[in-house]
Structures are given as structure tokens and as C-alpha cells.
Amino acid sequence: MKEQKYDVFVIGSGVAGQTVAKASVESGLKVGISDKREYGGTCANRGCDPKKVLLGATEVIEASKNLQGKGIKDVPELNWKKLMSFKEDFSQTVPKSTEKKMRDLGIDMYHQSPKFIDENTLSVEGKIIQADKIVIATGYEPRELNFKGSKHLKTSDDFLSQKKLPKRITFIGAGYVGMEFAHIAARAGADVTVIDSGKRPLKAFDADLVKELTAYSKELGIEFIFNAKIIGLKKGTKNLKVSFEKKGKAEVLKTRAVFNTAGRVPAISKLQLEKGNITFNENGIETNDYLQSTSNANVYACGDVSDKGLPLTPLSSKEGNVVGINIIKGNKKKLEIPVTPSVVFTLPNLASVGYSEEEAKSRYKNVVVNYRSISDGFNAKRINAPVYAYKLLLNARTNVIVGAHLIGPAAGETINLFALAINQGMTAKQIKQTIFTYPSWSNDIKSMV
């Protein structure tokens, strides 16, 4: 086998991997990078970005439906084929532009998933790669579901690339992806069922607000089957039969397509980490505060695949920056994660930042809980939005905001203001004294605290 030597070799070409590769090569190091899929990573190619493009079209449908008879005559129909073509305008150029950027920087590129041979050696594309530092930035991949007929399951990749929307769709898993896709598919005209083993969707989010989202999702036509265990999947001529067990009783559901949205796991199964003396757990590569492997000092991990971070795109570049600095200058920079907001891009959006109600009550002696619906407020009424509510948590002693949970048309944007407020230790009084534009969604936060 041909051998190649690098100062830094990066596995994964998403935001985290690109950040490390760019910093390393610009500091004069020889860098190689590999990816088994299209260059550019999940978010830009087959995740956050294309999903948000599809969401944009359904926002038009939702707004029109809510204002029908109030100045809007007809609700538009969604043309799935044309929408998918529009989505491609954003994603199809990503691999080529990413590779050009790498090439222009002088980074060697490989198009295969490497395997570790030892602590500093990889095998990729039939070549032996020796590297002083190896960076794992492979991200997440769909969790495998093992039951009879699971080979017929489709993934989020398939949903975001299907040229024709099936008439009846079933999603197994009611997390972020399952709920977001369910809302898109339902508004696009499909009959949608969501099956989950838990008692409700989105277990990481506030239960009261999730209850409101679930109720509205049902009004949209989405059917939920909770506390269910999938037994098997059988493919027929036209339909698939999903067999599941609920309350000890076996049931069967007919559908045209079944998507695995049961969560994602670190994409490390093909790397042969044991040969590289790299320890890992269910959250990813075990790393220290410098994002360095706890078992192999020559290896770093960043992005979703590190067990130190959160699987959120905005943190990937931050982690990549930390790793880049630590490779170039020695371990000088520790990972510091600020209070980070999270959003489920259903319609309405569900958003959260800071402590949950349970966490806040366990941390502080007295907690103020402001929870109410403001669907009768001006901003909701002007667009006839059916759901708009919040739950704000404050430390009763200091009046500092410690948690914010929102559901509403602009929750994905408004939550950023609360992230800023919590990270700056702002009090309710300071929020109320701030002048915002009026009438705006941002101005509503003054009434929430």
C-alpha cells in the first residue's frame, strides 16, 4: 500500500472538520481530509438547511389557512416536485463548493471512510495514512432499528430527496426530526402517523408546551400512537404493514412509506476505534476539556461526535475552533459552552433555553414560574395564530431569568433574546426596561417576564 504522511488528518467534512482543517493548513501544517459522503456535512447537504427550505413553503400554507376568510380567499396547494427542485438550489452546490475551498487551501481530499490501524495510522482509499494528529468530526447518523423487515425503513435522507410525496406516511420516533417532518408532510397533503415508544413527543422539551403542540398537531391531522413497540414491517404490492404492540395487544397499520426518525447516534461504528486506542460511549468519543481523546493524546474529536458537546450545528464551528487552536498551539483552549437555545421547527415553533422547570426547582430554593397562553395577544391575533404560549422561569431571590420555553409562530427567533438574557445574567426588570420595536414578537418578551 502507498503511504502518505500528514501533520493533521481530519475525518469528516462538516462545519467542525472544515474549521479544523482550515486553521491547520493556514498555520503551515500539511493537512488531509476524508468523508465517505458528499463534502459539506449533514446540515448543509441533508439536514438543517434543506429541511428549513421545505418548512418555508409550509409556512405560507399555515399563514393562509389561519387567515382564510379574514382577507385571504384560498389556501394555496403545495407542489412537492417543484419544492424539492427549489430545495436542490441550496444543497446541490454544497459538495462542489466545499471541495473547491479545500482544494484552494491545499488540503488533500479523500472520499472514503478511514479505518484506524493503530494510534497514528489510518487506512483509506487503499493508502496508509500516517498523521501526527487525527481529528474525528464524523457527526451523527440515524440510529439503527432492528426488527423483522427493518430493511424497508427509509431515513431522513430519503425524506429530503423524494421526488413524490407518498399519500400516507408513518414516522417511527417523535423527536425533532419526526415531528418536523410530520408537520411538513401533513401540510403538503399526506396522511401522517407518528409512532413512539414513549408517552409523548419531544421528551427533552417542556411537557406543558409539548402538550399544546401535540393537540395542535392532531388538529392538523397527524395521528399519534404512543407507548408502542414496533414488532415488524412487511412490504406488500403498494402498502407496507407496520406491526406494533400497545398495552399487550398487537396491531397493524397500513402505510405507503415508513421513515426511521428514532434519533441519531455518533457516526463511529466503521472507524475501528479500538485499533486506535480510542475510548467512546453512547454520546461519542470520550474527550477531555480540550476535546482531546482521553485514551489517545494524538486524537481529537469535535462536533456532534464528541461526548463533551451538544448535537447542535452552532456549536460545531466553536468546537472546531477549539481543536484547531489546541493542535496548533498545544492544549491552550478549553471548550466552554454557553447556555444554548434549541428549536423544533414545527409550526408553531417549539423553543427552549436554560433550565427546565424541574431543573430550576432542584437548583434554586424558590422559583417563579410564569406560564400562560397569549394567543389572545395582538401579535397572535393579527395573524390569527391558534397557539402562542410561554413558560418563563426566574430565580425568586435575584429575579434573574434562568429558563425560557416558548411555543408560537416566531419562537425560533424570540428564544435567541432569552439566550442572550440568560448568558448575560439579566433580570426581569432589565428586560422590561429595554426598548424594543413595537409591535413586534421581540417586544412580547417584556410581558412574559
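1. R168 is partly exposed, at 22% relative accessible area (partly exposed lies between buried, under 20%, and exposed, over 50%, with a 1.4 Å probe and protein chains only). R168 forms a salt bridge with E223, with 3.6 Å between the closest N and O atoms (a salt bridge being a side-chain nitrogen of Lys or Arg within 4 Å of a carboxyl oxygen of Asp or Glu). This pair links distant parts of the chain, 55 residues apart: R168 sits in strand β8 (residues 168-172) and E223 in strand β10 (residues 223-225). Helices (H or I, at least four residues) and strands (E, at least two) are DSSP runs, numbered from the N terminus. E223 is partly exposed too, with a relative accessible area of 36%.

2. A word on the basis: this is a predicted model, in which local features need pLDDT of at least 70 and side-chain atom pairs count only at pLDDT 80 or more, while totals for chains, interfaces and linings use all residues. Residues are numbered from 1 along each chain as its sequence is written, and side-chain values use heavy atoms, leaving out hydrogens and water.

3. Do look at helix α10 (residues 357-363), where E357 and K361 lie 4 residues apart, about one turn of the helix. Salt bridges with shared partners join D206, D208, E357, K361 and K391 into one network. The E357 and K361 side chains meet at 2.8 Å, N to O. E357 is buried at 16%, whereas K361 is partly exposed at 47%.

4. K87 and E88 also pair through their side chains, in a salt bridge of 2.7 Å, N to O. K87 is buried, at 4% relative accessibility, and E88 is partly exposed, at 23%.

5. Across the whole structure, the search finds 18 salt bridges.
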